[in-house]
Amino acid sequence: MPSHLGWLVYIGLGIIGGLTGSRLKIPAGSLIVAMLTIMAFKLITKTDWAMPKGFNFFLQIALGIMVGASFQPDMVPALKKLFFPVLASTVTLVGMGILLSIIFTRMGILDAPSAYLGTSPGAMSALIVLAFDSGSSVTLVVCFHFFRVVFVILTAPLLLKFFSH
């Protein structure tokens, strides 16, 4: 099957997976189940169709629109109030990501760009786009963030219960 038709199959399966994840009310379910659906399909069928040229460009635009549209002017006062906690959290998380990426790179486990993007905090979708753009191992970056998201989803109910008492 030609690559452009294969991508139509991926899109169809991704939509089915995304809708399933949404209906299951899994946090980030649309993204995670769409991704798992495509991965399962590729494992079962042993297919691998190349990404169409320009796909990443349009994905970045869509992501930029989504992030920009989620901004609300009434967020500015809240951001002023939360400046120091947000700054402390960001510096700590990014700093730990940098430290881990240096360790993994020096140990020869990962290349530096993939290690940095894999250990960086942030939205999986945005970091995957950055991995595509930087030539990093997209598979590695996806694995890091997929397992991080699954870990958070699995541990959040217990931690939220603990913190609510």
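Leaving out neighbours within four places in sequence, Ala 131 is in contact with Leu 117, Ser 136, Val 138 and Val 141. The model shown here is predicted. Ala 131 also belongs to the largest nonpolar core, which has 12 residues.

**Ile 38 in helix H2**

- Ile 38 lies in helix H2.
- Is Ile 38 buried or exposed? Ile 38 counts as buried because its relative accessibility is 17%, and the cut-off for buried is under 20%.
- Not counting residues up to four places away in sequence, Ile 38 touches Tyr 10, Leu 13 and Gly 14.
- Thr 20 is 18 residues from Ile 38 along the chain. The C-alpha atoms of Ile 38 and Thr 20 are separated by 13 Å.

**The salt bridge**

- How many salt bridges are there? The count comes to one salt bridge.
- The side chains of Asp 48 and Lys 42 meet in a salt bridge, at 2.9 Å from N to O.
- Asp 48 is exposed, with a relative accessible area of 61%.
- Lys 42 counts as partly exposed, at 29% relative accessibility.

**Lys 46 in a loop**

- Where does Lys 46 lie? Lys 46 is in the loop between helix H2 (29-45) and helix H3 (55-70).
- Lys 46 has a positive phi of about 60 degrees, although Lys 46 is not a glycine.
- Lys 46 is exposed because its relative accessible area is 70%, and the cut-off for exposed is over 50%.

**The nonpolar surface patch**

- Met 1, Leu 5, Leu 8, Ile 11, Ile 15 and Leu 19 form a nonpolar patch on the surface.
- Together these patch residues have about 600 Å² of accessible area.
- Met 1 lies in the segment before helix H1 (3-23).
- Met 1 is exposed, with a relative accessible area of 62%.

Methods. Residues are numbered from 1 along each chain as its sequence is written. This is a predicted model: local features need pLDDT of at least 70, side-chain atom pairs count only at pLDDT 80 or more; totals for chains, interfaces and linings use all residues. Side-chain values use heavy atoms; hydrogens and water are left out. Helices (H or I, at least four residues) and strands (E, at least two) are DSSP runs, numbered from the N terminus. Buried means under 20% relative accessible area, exposed over 50%, partly exposed in between (1.4 Å probe, protein chains only). A nonpolar core is a set of buried Ala, Val, Leu, Ile, Met, Phe, Trp, Tyr and Cys residues joined through side-chain atoms within 4.5 Å. Contact means heavy atoms within 4.5 Å. A salt bridge is a side-chain nitrogen of Lys or Arg within 4 Å of a carboxyl oxygen of Asp or Glu. Patches are made of residues with over 30% relative accessible area and no salt bridge: like charges are joined within 9 Å, nonpolar side chains (Val, Leu, Ile, Met, Phe, Trp, Tyr) within 5 Å. Accessible areas come from the Shrake-Rupley method with a 1.4 Å probe; for residues, only the protein chains shown count as cover.
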